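Here is a short note to read alongside the model. Please keep the coordinates open while going through the points.

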Amino acid sequence: MKAVIFEQHGDLDVLKYTDIPEPVPGPGEALVRVKACALNHLDIWVRQGLPGAQIPMPHILGCESSGEVVRTVGEAGRIKPGDQVLVPPGLSCGHCEYCRTGYDSLCPEYRMMGYHLQGGYAEYLKAASANLIPISPDLSFEEWAAVPLVFLTAWHMLVTRAGVQPGEEVLVQAAGSGVGSAAIQIARLCGARVIATAGTEEKLKKARDLGAHDTINYAEKNFVEEISRLTDQRGVDLVFEHVGSKTFEKSLACLAKRGRVITCGATAGAQVTLDLRFLFVRQHAIMGSYMGGHKELLDIIKLVKRGALRPVVDKVYPLELACEAQRRMIERQQFGKIVLRCS
Ligand SMILES: [Zn+2]
């Protein structure tokens with residue numbers, strides 16, 4: 001089969017479009033013909049090499065895919081050949097204290113497609129049958145592939161961890177990213193007033209089309225001052241953070257008293273400083289979040305099928321141009337998700 005692989009960590013030029021043997025599913029697994037696979041920043045971290053992380057080599061990236069079941073081996077539940085399915089990013093044991101409470105990503109056995117396991121930058125992948133989720137033809141394979149990781153991450157952050165409430169004011173940083181485009185929709189669905197930031201007018205317009213009430217061009221304006229102006233000096237109740245050190249301290253400065261910051265990423269730097277005096281006097285909370293649980297993903301998929309949430313596909317590339325697709329993400333040119341068409 002055709003696949004994009006790398007045999008050693010490095011820059012974009014380590015990615016190779018080549019022929020490799022088709023994966024062989026074991027008991028409880030399915031062989032899936034990959035129709036589409038969405039890109040994530042994790043692809044870049046894994047390609048470059050994460051400290052202490054052991055990954056299978058040669059490696060196939062791609063955390064989230066959609067496709068058709070070719071065959072199953074052993075116990076497959078409701079899944080059968082010919083089904084159109086979503087292959088979600090995470091896999092966990094299903095019975096530890098974290099899995100039972102919806103915190104699958106804290107499971108000691110938590111593994112991710114395209115990271116600990118081979119992913120979807122290929123014509124075929126194998127995955128646990130129990131993890132596959134049937135999809136409807138209302139959306140294209142490319143749109144379905146763009147759903148799981150960003151909506152799950154944003155849902156776990158806003159709904160499960162931060163408990164966003166109707167009427168709250170929420171600042172969504174970097175609306176042009178996949179996770180930002182999901183956060184705007186979820187916060188809006190929960191009845192919050194959404195203020196989104198982005199670096200170009202074109203991205204800000206798309207953020208408003210997705211439901212943002214107000215937008216701030218961070219390339220032209222100081223977003224801390226703009227938040228103060230837009231909230232009558234009160235500040236926002238919640239900041240949705242995933243950028244990192246480039247924005248984190250300013251995000252804290254945007255908070256109202258009793259406000260909270262929820263973060264899932266550090267794409268622009270992982271080290272920040274913190275003035276504890278502001279934290280305790282203003283009674284702020286800083287929360288971390290990482291991925292989410294299978295049950296949350298099933299809830300999200302219901303909302304997608306109902307049209308209440310919609311995936312945002314930025315651009316679709318053929319599999320062989322995975323390198324160009326990653327370059328677009330590194331250069332932050334996208335609004336929403338970049339997707340590979342794999343077969
Ligand atoms: Zn578990």
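**Notes on the fold and on selected residues**

1. Residues 24 or more positions apart make up 67% of the chain's contacts with a separation of 6 or more. A contact here means two C-beta atoms, placed from the backbone, within 7 Å. This is a predicted model: local features need pLDDT of at least 70, side-chain atom pairs count only at pLDDT 80 or more, and totals for chains, interfaces and linings use all residues. Residue numbers start from 1 along each chain as its sequence is written.

2. Overall make-up. The chain has 11 helices and 18 strands. Both are DSSP runs, numbered from the N terminus: helices are H or I with at least four residues, strands are E with at least two. The radius of gyration is 20 Å, close to the 20 Å from the globule rule for 343 residues, so the chain is as compact as a globular protein of that length. That radius is taken over C-alpha atoms, and the rule is 2.2 Å times the number of residues to the power 0.38. Along the principal axes, the C-alpha atoms fill a box of roughly 60 × 40 × 40 Å.

3. Burial. Of the 343 residues, 50% count as buried. The cut-offs use C-beta atoms placed from the backbone: buried is 20 or more others within 10 Å, exposed is 12 or fewer, and partly exposed lies in between.

4. The H4–H5 pair. Helix H4 (residues 148-161) and helix H5 (residues 178-189) have axes that come within 8 Å and cross at roughly 50°. Axes are lines fitted to C-alpha atoms, for helices over the stretch in contact, with angles from 0 to 180 degrees between N-to-C directions. H4 and H5 are therefore oblique to each other. Under 35 degrees would count as roughly parallel, over 145 as roughly antiparallel, 65 to 115 as roughly perpendicular, and the rest is oblique.

5. What lines that contact? H4 contributes Val150, Phe151, Thr153, Ala154, Trp155, Leu158 and Val159, while H5 contributes Gly178, Val179, Ala182, Ala183, Ile186 and Ala187. By class, the contact has 11 nonpolar, two polar and no charged residues. Nonpolar covers Ala, Val, Leu, Ile, Met, Phe, Trp, Tyr, Cys and Pro; charged covers Asp, Glu, Lys and Arg; the others, Gly among them, are polar.

6. Backbone points to check. Most residues other than glycine have a negative phi, and most peptide bonds are trans. Met57 and Pro58 are joined by a cis peptide bond, with omega about -10°. Pro58 sits in the loop between helix H1 (41-48) and strand S4 (59-60).

7. Is Ala174 buried or exposed? Ala174 is buried, with 26 C-beta neighbours inside 10 Å. Its phi is positive, about 50°, although it is not a glycine. Ala174 lies in the loop between strand S11 (169-172) and H5. Gln233 also has a positive phi, near 70°. Gln233 belongs to the loop between helix H7 (223-230) and strand S14 (236-241). Gln233 is exposed, with 9 other C-beta atoms within 10 Å.

8. Two further exposed sites. Glu97 is in helix H2 (residues 97-100) and is exposed, with 9 other C-beta atoms within 10 Å. Glu97 and Lys203 are 106 residues apart in sequence and 41 Å apart, C-alpha to C-alpha. Gly288 is in strand S16 (residues 285-288). Gly288 counts as exposed, with 11 C-beta neighbours inside 10 Å.
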